[in-house]
Amino acid sequence: MTPLTKILREKIEKHGPLSVHDYMEMALSHPEYGYYTRQNPFGKSGDFVTAPEVSQMFGELIGLWSLDIWSKLGAPAKFNLVELGPGNGTLMVDALRSGALIPDFIKAAHVHLIETSEQLKARQKAAISHPSVFWHSDLLDLDTDPTIVIANEFFDALPIHQYESIAGQWFERCIDWEEGHFTFSLSDKPAKELQPPPDTEGSHILEICPLGINSFNKACRLLQKSGGAVLIIDYGSSEAVYGDSFQAVRDHASQNPLEDPGLSDLTAHVKFPQLIEEAQRYPVDIHGPTSQGRFLERLGIETRAALLSRSATKEQQNSIASDLRRLTSTSEMGTLFKVLAISCNLTAPPEGFGP
Ligand code: SAH
């Protein structure tokens with residue numbers, strides 16, 4: 001039994017079943033035993049590999065994408081370059097390296113990293129060298145400069161509420177403790193605060209991520225105030241509104257999310273339609289979602305791979321080719337991951353979205 005199993009079990013015995021949201025929040029962010037307090041969750045030696053950890057090409061292209069946004073904002077002398085949930089800091093390191101092609105871009109950037117894990121903050125501090133880097137635990141009201149926000153696999157890491165539809169009403173999905181195991185249960189009372197489900201036939205699961213919606217709205221407000229762009233890369237469907245996507249990964253394999261909380265990464269798919277609905281309330285432009293594979297190809301990942309391969313050994317060339325496949329192929333991350341951008345006050349649309 002993990003220390004967190006004991007803590008959660010006692011909580012349930014004392015106060016009744018926990019919402020999926022509260023279980024997920026504690027399993028990820030408990031200050032002592034939460035998943036993000038672990039030594040090294042990301043990367044080949046960790047539990048899962050995120051795109052920036054697959055290859056430097058990913059962060060480099062995001063750096064060039066940001067550089068292009070900055071120039072479409074009129075190359076301001078000061079702007080905020082924000083990353084939500086930077087993990088090991090790898091994406092920002094690679095982005096700042098490619099962004100250094102234009103020294104004025106680096107000079108103008110004030111880097112803001114939004115991170116709650118002390119362990120990961122320490123890693124980011126060790127990795128990123130730039131004269132103006134600031135850490136925050138929340139996407140606060142930044143000053144009035146234009147803002148570029150990058151979020152790779154951030155929204156999927158935020159706790160979700162789950163609701164199940166039964167006979168025309170939503171009931172919150174909870175987690176109970178029975179016969180030595182965590183089990184799913186449903187709250188006794190319907191969730192009256194939600195719009196009723198679309199039909200009474202069959203059963204749907206609705207997932208709502210309050211922190212995700214909240215952070216996204218804050219980002220839209222920053223754009224509305226001072227212009228800029230938000231880039232979200234995450235896994236999820238461009239269309240699906242319903243479905244159970246609560247899942248756990250440990251040691252590169254799928255796990256039961258109710259087993260050994262704190263030892264596996266818990267995630268849920270990002271609901272792109274919900275984010276788009278929120279964005280439509282602001283005077284912003286919406287781009288995508290497109291697939292990660294097409295986005296990276298439009299930004300020129302194949303050319304970057306060819307350039308890197310030119311001065312590489314045979315073994316390195318093989319690994320560059322395999323990383324390229326991993327990031328773009330439809331059978332790997334290329335289609336599962338989607339890219340959505342929101343922009344405001346740009347002289348032309350962001351790169352990567354079409355035709
Ligand atoms: N973007 C990184 C890491 C993704 S994992 C990559 O692609 O490799 C999710 C990241 O979000 C971690 O850094 C985690 O500590 C951070 N995080 C999770 N919940 C958060 C919250 N509520 N506020 C800020 N950061 C959070």
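**The ligand site and other local details**

Tutor: Start with asparagine 152, where an N or O atom of the side chain is 2.8 Å from an oxygen atom of the ligand. Bear in mind that this is a predicted model. The protein covers 94% of the accessible area of the ligand, which amounts to 570 Å² for the ligand on its own. In glutamate 115, a side-chain N or O atom is 2.5 Å from an oxygen atom of the ligand. For threonine 50, the distance from a polar side-chain atom to an oxygen atom of the ligand is 2.6 Å.

In total, 19 residues surround the ligand, and the closest are Thr50, Gly85, Gly87, Glu115 and Asn152. By residue class, the shell consists of 10 nonpolar, 6 polar and 3 charged residues. The space that the ligand takes is the largest pocket.

Aspartate 145 has a relative accessible area of 16%, so it counts as buried, the cut-off being under 20%. The side chain of aspartate 145 has a polar contact of 2.9 Å with the side chain of lysine 78.

Glutamate 278 is part of helix H9, which spans residues 272-279. Its relative accessibility is 17%, and therefore glutamate 278 is classed as buried. A polar contact of 3.0 Å links the side chain of glutamate 278 with the side chain of asparagine 217.

Tryptophan 177 sits in strand E7, residues 169-178. Tryptophan 177 is labelled buried because its relative accessibility is 16%. Between tryptophan 177 and leucine 18 there are 159 residues of sequence separation, but the C-alpha to C-alpha distance is 9.5 Å.

The backbone needs a separate check. Most residues other than glycine have a negative phi, and most peptide bonds are trans. Alanine 75 has a positive phi, near 50 degrees. The loop between helix H4 (56-72) and strand E2 (79-84) holds alanine 75. Its relative accessibility is 37%, so alanine 75 is partly exposed.

Aspartate 251 also has a positive phi, about 55 degrees, and is not a glycine. This residue lies in the loop between strand E11 (247-250) and strand E12 (253-255). With a relative accessible area of 56%, aspartate 251 is exposed, because that label applies over 50%.

The bond from glycine 288 to proline 289 is cis, and its omega is near 5 degrees. Proline 289 falls within strand E14, residues 285-291.

To return to the ligand, the side-chain distances to its oxygen atoms are 2.6 Å for threonine 50, 2.5 Å for glutamate 115 and 2.8 Å for asparagine 152.

Conventions:
Residues are numbered from 1 along each chain as its sequence is written. This is a predicted model: local features need pLDDT of at least 70, side-chain atom pairs count only at pLDDT 80 or more; totals for chains, interfaces and linings use all residues. Side-chain values use heavy atoms; hydrogens and water are left out. A residue is near a molecule or strand if one of its heavy atoms lies within 4 Å of it. A polar contact is a pair of N or O atoms within 3.5 Å; within protein, one must be able to donate a hydrogen and the other to accept it, and residues adjacent in sequence count only if both atoms are side-chain atoms. Accessible areas come from the Shrake-Rupley method with a 1.4 Å probe; for residues, only the protein chains shown count as cover. On a 1 Å grid over the protein atoms alone, a cavity is a set of points where a 1.4 Å probe fits but cannot get out, and a pocket is an open set with protein on both sides within 12 Å along at least five of seven lines; lining residues have an atom within 4 Å of a point. A molecule sits in a cavity or pocket if more than half of its atoms lie within 2 Å of its grid points. Ala, Val, Leu, Ile, Met, Phe, Trp, Tyr, Cys and Pro count as nonpolar, Asp, Glu, Lys and Arg as charged, and the others, Gly among them, as polar. Buried means under 20% relative accessible area, exposed over 50%, partly exposed in between (1.4 Å probe, protein chains only). Helices (H or I, at least four residues) and strands (E, at least two) are DSSP runs, numbered from the N terminus.
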